[in-house]
Amino acid sequence: MGQALGCIQVEQSTVAITEAFGKFDDVLQPGCHCLPWCFGKQAAGTLSLRVQQLDVRCETKTKDNVFVNVVASIQYRALAEKAQDAFYKLSNTRAQIQSYVFDVIRASVPKLELDAVFEQKNDIARAVEEELEKAMSHYGYEIVQTLIVDIEPDEHVKRAMNEINAAARMRVAANEKAEAEKILQIKRAEGDAESKYLAGLGVARQRQAIVDGLRDSVLAFSENVPGTSSKDVMDMVLVTQYFDTMKEIGASSKSNSVFIPHGPGAVRDIASQIRDGLLQASQNNRVPSSVA
């Protein structure tokens, strides 16, 4: 109805292109305008000034021969001051932008290896934006933002990359575990050595105390009982030790059965065996020192 009366309404964020007898006449801003059709004026169409987005998926190959799908998101808008160029110079804006994106991505990605593509995606986006800005400005469009939103390698390549990363992490974990076990074994060995050293010191001190006690006992007995020799005293001490040992074996609930000869003759034989053993040990200790 408004067109029939020569009036036209232009929405907000939109401009209208008018023609007179088929030739460009004017760009109408948002609002109500009169178009006297009797003078051959008519609205040729409208042009949105809002920011639009175009997602472009491009398949290409990297330098190390891996096929990837690069998804670029292009945000663009028409310029009000260049509305005539934006309306008349391009018949399919989205297809034109897509062609430039394909050209830049397929020229940039093949120069990079797969890992570098992920690391330098901002550089790729900047290259796409610069090329689009230079090309689309002649057609009345402004490139607001260009983003590389996704890089998708082939499914087999992604699986292989995950397996490589998993193997590397397992190798590091195995090294750390082995190092921890090594430290534990070293500490355990150090503790065992220290324990044995202290145990040896205790046994040595115990034996030294026994020897000192026996010596004192022999000297005291010889002085208090006239006519006794050191041999008699040692025989008595050995017999006393023998009976103490028998008492401890019988008193222990966890001891196994021990069969040993018992009787006065057996006691004498045991004393002789112990004394001979001590003398033999004493002689063995003297021989190396004399040879030296």
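The model is predicted, so local features are described only at pLDDT of at least 70 and side-chain atom pairs only at pLDDT 80 or more, while totals for chains, interfaces and linings use all residues. Residues are numbered from 1 along each chain as its sequence is written, and side-chain values use heavy atoms, with hydrogens and water left out.

The protein has seven helices and eight strands, taken as DSSP runs (H or I over at least four residues for helices, E over at least two for strands) and numbered from the N terminus. Of its 292 residues, 23% count as buried. Here buried means under 20% relative accessible area, exposed means over 50%, and partly exposed is what falls in between, with a 1.4 Å probe and protein chains only. Among contacts (heavy atoms within 4.5 Å) with a separation of 6 or more, 63% join residues 24 or more positions apart.

Helix H4 covers residues 121-136. Its 16 residues reach 22 Å from the first C-alpha to the last, close to the 22 Å expected at 1.5 Å a residue; the expected span is 1.5 Å times one less than the number of residues. The buried set in H4 consists of Ile-124, Ala-125, Val-128, Leu-132, Ala-135 and Met-136. Looking down the axis of H4, these buried residues sit within an arc of 100°, so they line one face of the helix. The arc is that of the directions from the helix axis to the C-beta atoms. This sort of pattern has a simple background: an α-helix has 3.6 residues a turn, so residues three or four places apart point the same way. Over on the other side of H4, Asn-122, Glu-130 and Lys-134 are exposed. The cover over the buried residues of H4 includes strand S7 (67-78), helix H2 (93-108), helix H3 (114-119) and strand S8 (141-153).

H2 tells a similar story. It too has 16 residues, which should span 22 Å at 1.5 Å a residue, and its end C-alpha atoms are 23 Å apart, which agrees. Buried in H2 are Thr-93, Ile-97, Val-101, Val-104, Ile-105 and Ser-108. Down the axis of H2, the buried residues fall within an arc of 95°, so here as well they line one face of the helix. Their cover includes strand S6 (52-61), S7, H4 and S8.

How do the two helices meet? H2 and H4 pack at an angle of about 140°, with their axes 9 Å apart. The axes are lines fitted to C-alpha atoms, for helices over the stretch in contact, and angles run from 0 to 180 degrees between N-to-C directions. H2 and H4 are therefore oblique to each other, given that angles under 35 degrees count as roughly parallel, over 145 as roughly antiparallel, 65 to 115 as roughly perpendicular and the rest as oblique. On the H2 side, Thr-93, Gln-96, Ile-97, Tyr-100, Val-101, Val-104, Ile-105 and Ser-108 meet Ala-127, Val-128, Glu-131, Leu-132, Ala-135 and Met-136 of H4.

Strand S8 brings in Thr-146, which is buried at 3% relative accessibility. Setting aside residues up to four places away in sequence, Thr-146 touches Ser-73, Ile-74, Ala-125, Val-128 and Glu-129. Another buried threonine, Thr-18, has a relative accessible area of 1% and lies in strand S2 (residues 14-20).

Asp-85, in helix H1 (residues 83-88), is partly exposed, with a relative accessible area of 24%. Beyond its neighbours within four places in sequence, Asp-85 is in contact with Leu-90, His-138, Tyr-139 and Gly-140. Asp-85 and Tyr-141 are 56 residues apart in sequence, yet their C-alpha atoms are 8.6 Å apart in space.

Most residues other than glycine have a negative phi. Ser-13, however, has a positive phi near 60°; it sits in the loop between strand S1 (7-10) and S2 and is partly exposed at 28% relative accessibility. Asn-65 also has a positive phi, of about 60°, although it is not a glycine. Asn-65 lies in the loop between S6 and S7 and counts as exposed at 55% relative accessibility.
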